[in-house]
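User: I would like to learn how to read the main features of a structural model. Please take me through this one step by step.

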Amino acid sequence: MMSMKFLFGKKTAAFALALMLFLVSASSVFAAAVFETEPNDSAVTANTMSIGDTALGKSSSASDQDTFVFTTGNNSTINGVFYPTSTSETTNYVLFIYDGNTNTYVVSESIPAGTNKNFSFTGTIGHVYYAIIGGDRASTYYYNMLIYQ
Ligand SMILES: [Ca+2]
């Protein structure tokens, strides 16, 4: 805060702080980009995301798996789209979404390199869903997985 006051003056700093507090309190309203944090190869190390967010990750090897976990606040269709950052992508991906409450897979998709894949399933309130993503080789590009309702 000292540097903020130095740069912008006391009133501006107070306004900036108020704005930051507003943005923090309202952050759930906005879609976020959630970059993967390794290790995330299993359910217990899954990276947390919210519906409306886009998860970004990168296959580091054929044995790498990336796991993201989210819940839903209502009973309705959950949609998603998986897409590459670059059309030069050469890694083929598989995507599974696992319902941790019913122990069933609700999405199972193969995604050829460089292509988009839309998917959807019926979400159940309070259920915990794990998105599990794997590539067949290392990639230099991020994949994107948007989940929305
Ligand atoms: Ca991983």
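This is a predicted model: local features need pLDDT of at least 70, side-chain atom pairs count only at pLDDT 80 or more; totals for chains, interfaces and linings use all residues.

User: What is the strand order of the open sheet, and which strands are at its edges?

Analyst: In general, the strands of a sheet pair through backbone hydrogen bonds, in either a parallel or an antiparallel manner. Here, five strands form an open sheet in the order 1-3-10-5-8, and the pairing is mixed. Strand 1 (33-35) and strand 8 (117-122) are the edge strands, each pairing on one side only. On average, neighbouring strands of this sheet are turned by 20 degrees against each other, direction ignored.

User: How many bridges join strand 3 to strand 10, and do these strands run parallel or antiparallel?

Analyst: Strand 3 (residues 54-57) and strand 10 (residues 143-148) run antiparallel and are joined by four bridges. Leu56 stands opposite Asn144 in strand 10.

User: What share of the residues is buried, and which residues touch the most other members of the largest nonpolar core?

Analyst: Of the 149 residues, 23% count as buried. The largest nonpolar core has 19 residues, and those touching the most other members are Phe68, Phe82, Tyr93, Leu95, Ala131, Ile133 and Met145. Two or more residues of this core come from each of strand 4 (65-71), strand 5 (77-84), strand 6 (93-99), strand 9 (128-135) and strand 10. Leaving aside residues up to four places away in sequence, Phe68 touches Ala46, Asn47, Met49, Ala55 and Ala131.

User: What share of the contacts between residues at least 6 apart in sequence joins residues at least 24 apart?

Analyst: Among those contacts, the share is 64%.

User: Where is Glu38 found, and why does Glu38 count as exposed?

Analyst: Glu38 lies in the loop between strand 1 and strand 2 (47-48). Glu38 counts as exposed because it has 12 C-beta neighbours inside 10 Å, the cut-off for exposure being 12 or fewer. The C-alpha atoms of Glu38 and Asp64 are separated by 9.8 Å, although the two residues are 26 residues apart along the chain.

Notes:
Residues are numbered from 1 along each chain as its sequence is written. Two strands pair if DSSP finds at least two bridges between them. Axes are lines fitted to C-alpha atoms, for helices over the stretch in contact, and angles run from 0 to 180 degrees between N-to-C directions. A residue is buried if 20 or more other C-beta atoms lie within 10 Å of its own, exposed if 12 or fewer, and partly exposed in between; C-beta atoms are placed from the backbone. Two residues are in contact if their C-beta atoms, placed from the backbone, lie within 7 Å. A nonpolar core is a set of buried Ala, Val, Leu, Ile, Met, Phe, Trp, Tyr and Cys residues joined through C-beta atoms within 7 Å.
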